[in-house]
Amino acid sequence: MSMNDPIARGLASGWNVTDASKLIANKTVEADVVVIGTGAGGGTTAEILARQGLSVILVEEGRLYYQKDFKMDELTSYANLYQEGMSRTTADGAIAILQGRCVGGSTTVNWTSSFRTPDETLTYWSQTFGLDGLQPDAMAPWFQGREERHTMAPWQTDPNLNNDILRQGCDALGYSWQVIPRNVKGCWNSGYCGVGCPTNAKQGALLTTIPGALDHKAQMFHGLRADRLVMNQDRIDHLLASAMGPDGVTPSGVTVTLKASHFVVAASAIGSPGLLLRSGLPDPYQRVGKRSFIHPVNATVARMPAKVNPFYGAPQSIYSDEFNFKYGTDGQVGYKLEVPPLHPAMAAGVVPGHGQQQRDNLGQLPWMQSVIALLRDGFHPESPGGTVSLRDDGSPVLDYPITDYLWNGIREAYLNMAEIQFAAGAEAVQAVHLDSDWYTSWNQAKAAINELPMKPHRARLFTAHQMGGCSMGSNPEDSVVNGFGEHHHIANLSIHDASIFPTSIGANPQLSVYALAARNSTRLAQKLTLPG
Amino acid sequence: MKTPQSHEHPKGQLADTSRRSFLKTSLGGALFLGTVSVTAGLSGCATAPAGRISAVGSRMNASYQFQFLSKDDIALFEALLPAMFAGALPEEPNQRQFAIAAIIERIDQGIAKFGPPNQKELRKLFDLLNFAPTRVTLARVWSDWPSVSTREADAFLNRWRSRRIGLLNNGYIALSKISNVAFYGYENHWHLSGYPGPPAWMVDSLPQFHNV
């Protein structure tokens, strides 16, 4: 492997990294802090604590994949880098869940969009959940710090046509649009972010905070699943974890016991509540797993007169917030408009169909363009979110009922997206919905979309952003942690990931997670390094 | 579940009521599927992974070790895939059979990474489709899968797609998604979607394509 690759070089230089599938006997390890999860939250936490001289152990259920493994192939990437081999859904199967499961978590497979938490969201949190410390002015330096750490900046290159069509349509209709900031350094503009960046341009946790932590003597176990936090009196005493076998999904039978004086959970908005529930930790007001949010996503596809080649080029570079806060922060549901990349397996999995019709649909992939709407859930009483609970085998599952309030937004978003695509010159537009035909004019689309049944399993829905389930707030009766991610009832437990968001964000969440984790880890490091 | 009830509810009905009725149907469905899996196992349906299958007759790659799909599941996909990929499979019978066998192997590889909970869900779905009483009542497929024509398989897929019953739509999405991803995502079929593959200039210049 090329020694230009920072991971290969780090491993060769003696990083303390253990592939748990290679363990043949149970073992016990100990550190100042155990961090569970290596995504946006866990990586940031581990680096900041390790730089302060604390001994840190990182625990990751997925495996370590890096440049040598990133060969721009959808099938192997979806199988290895995503939760449940890309088959994760909500409990009733109605919403497909895209979520990373590897070192770096979802930051290894995301499309690099890097937004600050909108001011409206932070203000709403301070007013509604008593989170005064998170007001926009107070958070600004943390966002700035993380933008530097992850090399985030508005994309300077021209957008690919897939994204430019969103811009053109918005322009034609007088809707606002902006250029997306991306966390890349020397990006080749190839379009393969979602299958693991092949060129090491993406500055996700895998190439920033994880190496930063390992360079400062942190230890990392990958292929190791956190099973249960075990208490002794009023503190967490240790974490029990199971090694996965070489396939990455079947436990090998070997267990690891991890002892520490402090534990940070950063296992995602599905994994973190799952771990807390499995551990049976104190939860006097039954808040764990509640208020789970997902930015429900619906989509339209368009057939354009010219080749779009939606599989090439930076996947996301243009967005529109025209409808995001249009009805106020907590009125009728708002949504952000973006564009997804379309590679063949993704397109074939997302656009439902079979037979000649599916073959004809996919045959026009080079001319296909798609727009997605990300609904800003959790701000209105009729958007209380979903619930994470445990299956019989202890694995977490998200139940997410879609309320009429959300269905109204989903229908409106189908309409806006179709209108935008026609305004940009689309020959035909189809809602990604089992009952949608291809419509050849905006008037036809408008009439038909107004009649589409807004029902689970008919409308095809997705989520790439899981948030909440361990809400932060000043009142322990309606939250799990305080504004610093400190557990309300257990002194040596913190939560540093998207699970602590009390609503959704209203933007792709990676920078929100990085910034909050940086702020809360800096405070945690101060507390843990106090003399005596 | 003899007369499956729709998940649907009149628009504007209280969210509370719809939630309850949904839970009821969903739970009923889950329990029902659970029973099928047990019964299917007891009645001699093949539910164990098929392991290695002889290349003779099956056209399977004899070196491939099936990790999840049983012999009955393989027969199910052999019946469904000609309808699933109508117009996209080779016409020549030998090539066609090889192509179908290769897709089924990739479906198996994909499912192997789904992990135990979703594998359990798929096991229920496949058992339901392989167990004659439920195949007849829920899928309305009268003969064993090996005797099902492409036209009948297509009609079955259309029924599960169009009926306004969430459980059936969900089954359709599961079957079509795992098949579509395994088929259109595979390098040999990229030409069908006009996808040229990773740019050659990248493959030429990136180390992961050159070092073993």
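Chain B has an average pLDDT of 82, and 74% of its residues score at least 70, where pLDDT is the predictor's confidence in each residue on a scale from 0 to 100. Over residues 1-31 of chain B the pLDDT stays under 50, and for this stretch the model has 22 contacts beyond four places in sequence; two residues are in contact if their C-beta atoms, placed from the backbone, lie within 7 Å. For the complex, the predictor gives an ipTM of 0.93 and a pTM of 0.93.

This is a predicted model, in which local features need a pLDDT of at least 70 and side-chain atom pairs count only at pLDDT 80 or more, while totals for chains, interfaces and linings use all residues. Residues are numbered from 1 along each chain as its sequence is written, and chains are lettered from A and ligands numbered from 1 in the order in which they are written.

**The two chains**

Chain B contains nine helices and two strands, and its elements run α-β-α-β-α-α-α-α-α-α-α from the N terminus on. Helices (H or I, at least four residues) and strands (E, at least two) are DSSP runs, numbered from the N terminus. In chain A there are 13 helices and 23 strands. The radius of gyration of chain A is 22 Å, close to the 24 Å that the globule rule gives for 532 residues, so chain A is as compact as a globular protein of that length; this radius is taken over C-alpha atoms, and the rule is 2.2 Å times the number of residues to the power 0.38. Taken along the principal axes, the C-alpha atoms of chain A fill a box of roughly 70 × 50 × 45 Å.

The table sets out burial for each chain. A residue is buried if 20 or more other C-beta atoms lie within 10 Å of its own, exposed if 12 or fewer, and partly exposed in between, with C-beta atoms placed from the backbone.

| Chain | Residues | Buried residues |
|---|---|---|
| Chain A | 532 residues | 62% of the residues |
| Chain B | 212 residues | 40% of the residues |

Among contacts in chain A between residues at least 6 apart in sequence, 75% join residues at least 24 apart. For chain B, residues 24 or more positions apart account for 61% of the contacts with a separation of 6 or more.

**Where the chains meet**

The contact between the chains takes 51 residues from chain A and 47 residues from chain B. On the side of chain A that touches chain B, α3 (74-81), α9 (344-350) and α10 (355-363) each supply at least two residues, and the largest share, six residues, comes from α10(A). By class, this side of chain A has 20 nonpolar, 19 polar and twelve charged residues; Ala, Val, Leu, Ile, Met, Phe, Trp, Tyr, Cys and Pro count as nonpolar, Asp, Glu, Lys and Arg as charged, and the others, Gly among them, as polar.

**Domains of chain A**

The domain assignment of chain A gives domain 1 (6-86 + 101-112 + 115-149 + 201-285 + 470-529) and domain 2 (154-183 + 297-376 + 403-455), with bounds that come from an automatic or database domain assignment. Taken over C-alpha atoms, the centres of domain 1 and domain 2 of chain A are separated by 32 Å. In chain A, 14 residues of domain 1 are in contact with 16 residues of domain 2. On the side of domain 1 that touches domain 2, α3 and α4 (119-129) of chain A each supply at least two residues, and α3(A) gives the largest share, three residues.

**Strands and one buried leucine**

Strand β2 (residues 27-36) of chain A runs parallel to β11(A) and is joined to it by nine bridges, with A:I36 standing opposite A:V265 in β11(A). β2(A) also pairs with strand β3 (residues 56-60) of chain A in the parallel sense, over four bridges, and the bridge partner of A:V33 in β3(A) is A:V56. Two strands pair if DSSP finds at least two bridges between them.

A:L258 lies in strand β11 (residues 251-265) of chain A, and it counts as buried because it has 23 C-beta neighbours inside 10 Å. Not counting residues up to four places away in sequence, A:L258 touches residues including A:V29, A:V34, A:I57 and A:V59.

**Two loop residues**

A:K217, in the loop between α7 (209-215) and β8 (219-222) of chain A, has a positive phi of about 70 degrees although it is not a glycine; A:K217 is partly exposed, with 14 other C-beta atoms within 10 Å. A:R291, in the loop between α8 (268-279) and β12 (292-293) of chain A, has a positive phi of about 50 degrees although it is not a glycine, and A:R291 is buried, with 27 other C-beta atoms within 10 Å.
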